[in-house]
Amino acid sequence: MRNKARSRTPLFGLVVLLGLVGCVHVPVEPRPTPPPAPPPTLQPPPPIARPLPPPPVVAPPAEPAVAVDVAFAIQVRLDRENFSTGGIDGRWGPKSEKALAAWQKKHKRPATGQIDDDVMAKLGDPDGVMTTYAVAAADHAARRPHPAAWVERSRLDRMGYATIEEMVAEKFHVYRATLRRLNPDVDWPNPPVGTIIAVPDVAAKPLPPLSKIEIRLEARTLRAYDAAGKLVAHFPCSIAADKAKRPAGETLHVVLWAENPEYTFDPELFAEDPEAAAIGKKLRIPPGPNNPVGLAWIGLDRPGYGIHGSPAPEDISKTESHGCFRLTNWDALKLVRAVRKDLPVVVLP
C-alpha cells in the first residue's frame, strides 16, 4: 500500500502546475545517461577446507614367496621351542620324530613322535615361519680359509666360516642343501652384498637355568630340565664311536664352560691320522665356528670329556666322536648359556 501512495503524489502535483500556467510549454532537461556500470570484479571463491589425506599405509615386509610344507613348518616351530631336529630341511625322519616326541612329553601329550590333528593345530601352519636375510659386507669380511692340515689351521687368527652359504645356513639352523633349495637363484656359495635370502625364522627364547642334563646313548639325544624338573630342551647329539669310551650309567658334572673356545690338538687322540703322527706335538687351534669343538665347550669332570659344538651339523647323531658329546653349533650355544658349575649330566644307556 505504501508504494501506491507514493506513485499518486507526483501525478497530482503535475496536474496542479499545468492548471496554473495554462498551455505554457516547459522544456524538460534530458536526464544524463549514467555511465555504464563497471563489470563486477570476479573474486576467487573462498578456499574449501578439505581434510588432509591420510598418511600412506606402509605394509609390513611380505613373507618370502617360498613353498613351505607342513613338515618344514613343524620343524621350525619345534626349533623355536628348543626342540631341535638337528637341521631344518622339511624331511621327516628319526631326528624329527624324536624331537616331536620330546615336545609332546613336555606338553603332556602321548609321546608318539607322529604328526596328528593336535600337532597340526599347534605346529603345522606353514604361514609365518619364514623371513629374509640380507648379505652384509661384514659377512664377507669375516670369511676365513678352512685348510685341511692341522699345522695350517694353527696359523690362522680364527677358524671362521669359509663361505656365506655356510654362515647363513648355520645362523638359521638349516642344512646347506636346504638353503640352496629355498633359494635356487642365489649366486652360491658367496652371494654379493645386498643379496636377499629366504630363511626360516628361528628366533627362540633362551633356556632357563637348568637342574639336569640327560644324555641317552641309544637314542643319541640330549635333554635338559629346568629348576622345577620340567623338560625344556631336546637336541640330537653324537656319541663316541668306541663303545668303551661311552660312560653309560654314570653321572658326570659340569666343571667349566665357554663360548668360542680354543682347541688343543693332541696327536695322540688322532692315531688314525698319518698327519697327526708326523706332527709330534700339540697345537693351538684358534676359536671359531670351524674349530673342532665349534662355538661352545662344556667341560665335564671326566678327563677329556665334554659337550660341544661342531662344524658339521649334517653329521650330528652319528657315532663319530672320540668320546665327547657333540651338538650342532646353534644347539651348543643354547645349552652353554644355561649351565652352571656341578650341574649333573646323567648318561643313560
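1. Nonpolar here covers Ala, Val, Leu, Ile, Met, Phe, Trp, Tyr, Cys and Pro; Asp, Glu, Lys and Arg are charged, and the others, Gly among them, are polar. On that scheme, the lining of the largest pocket holds 14 nonpolar, seven polar and 10 charged residues. Note that this is a predicted model.

2. Now to strand 4. What is the state of the residues of strand 4 (residues 221-226), buried or exposed? Six of the six are buried, so the strand is largely enclosed by the rest of the structure. The cut-off for buried is under 20% relative accessible area.

3. In a regular strand, side chains alternate between the two faces of the sheet. For strand 4, one side carries Thr221, Arg223 and Tyr225, and the other carries Leu222, Ala224 and Asp226. These residues are all buried, and both faces of the strand are covered.

4. Which strands pair with strand 4? Strand 3 (residues 210-216) does, in the antiparallel sense, over six bridges. Strand 5 (residues 231-236) pairs with strand 4 too, again antiparallel, over five bridges.

5. Leu222 ties these pairings together at the residue level. Ile215 has Leu222 of strand 4 as its bridge partner. Leu222 in turn has Phe235 of strand 5 as a bridge partner. Leu222 is also among the buried residues of strand 4.

6. The turns deserve a look. Strands 3 and 4 form a hairpin with four residues between them. In that turn, Arg220 has a positive phi of about 55°. The hairpin of strand 4 and strand 5 also has four residues between the strands. There, Gly229 takes a positive phi near 85°.

Notes: Residues are numbered from 1 along each chain as its sequence is written. This is a predicted model: local features need pLDDT of at least 70, side-chain atom pairs count only at pLDDT 80 or more; totals for chains, interfaces and linings use all residues. Side-chain values use heavy atoms; hydrogens and water are left out. Buried means under 20% relative accessible area, exposed over 50%, partly exposed in between (1.4 Å probe, protein chains only). Helices (H or I, at least four residues) and strands (E, at least two) are DSSP runs, numbered from the N terminus. Two strands pair if DSSP finds at least two bridges between them.
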